[in-house]
Amino acid sequence: MVEFIFGALGLLLLAGFGWLAVGVARAARLHRTATERLAAMGCPRCGGAIGVDAAGVARADWLVRVHRAHEHARQNGRILRVDPCWRFPCPACEAPLVFDPSGTELLVAEQT
Ligand SMILES: [Zn+2]
């Protein structure tokens with residue numbers, strides 16, 4: 001009976017790790033292809049193509065923000081909290097756009 005319980009727990013653990021590995025691999029793939037996916041999208045407001053240049057700038061801006069946030073957190077002894085979204089203006093209509101590189105949606109940012 002004890003062996004059965006440990007066997008079942010082991011299987012559950014294995015299934016859990018498998019599920020986690022699949023999730024991590026999917027997120028890594030989505031991140032790797034994010035720039036190309038964003039470049040191929042259209043603005044949700046005007047339908048204009050985002051293009052490779054604007055997508056590259058959006059990614060570079062995000063990397064700069066992450067670096068700054070990391071430095072700020074390190075200097076202040078705080079825990080790093082990073083907004084995963086790329087924020088950039090539409091190259092055609094300048095609508096403020098938000099792209100989550102781990103997802104597939106391009107949205108117009110809420111005006112605050
Ligand atoms: Zn637009």
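Tutor: Two strands pair if DSSP finds at least two bridges between them; strands (E, at least two residues) and helices (H or I, at least four) are DSSP runs, numbered from the N terminus. This is a predicted model, in which local features need pLDDT of at least 70, side-chain atom pairs count only at pLDDT 80 or more, and totals for chains, interfaces and linings use all residues. Residues are numbered from 1 along each chain as its sequence is written.

Student: What makes β1 and β2 a pair?

Tutor: β1 and β2 are joined antiparallel over four bridges, and the definition asks for at least two, so they pair.

Student: Why are β1 and β3 called edge strands?

Tutor: The open sheet has three strands in the order β1-β2-β3, with antiparallel pairing. Both β1 and β3 (106-108) pair on one side only.

Student: Why is A55 called buried?

Tutor: A residue is buried if 20 or more other C-beta atoms lie within 10 Å of its own, exposed if 12 or fewer, and partly exposed in between, with C-beta atoms placed from the backbone. A55 has 22 such atoms within 10 Å, and is therefore buried. A55 lies in helix α3.

Student: Which residues does A55 touch beyond four places in sequence?

Tutor: Contact requires C-beta atoms, placed from the backbone, within 7 Å. On that criterion A55 touches T35, L38, A39 and I50. A58, with neighbours within four places likewise left aside, is in contact with L38, W86, F88 and F99.

Key: Contact = placed C-beta atoms within 7 Å.
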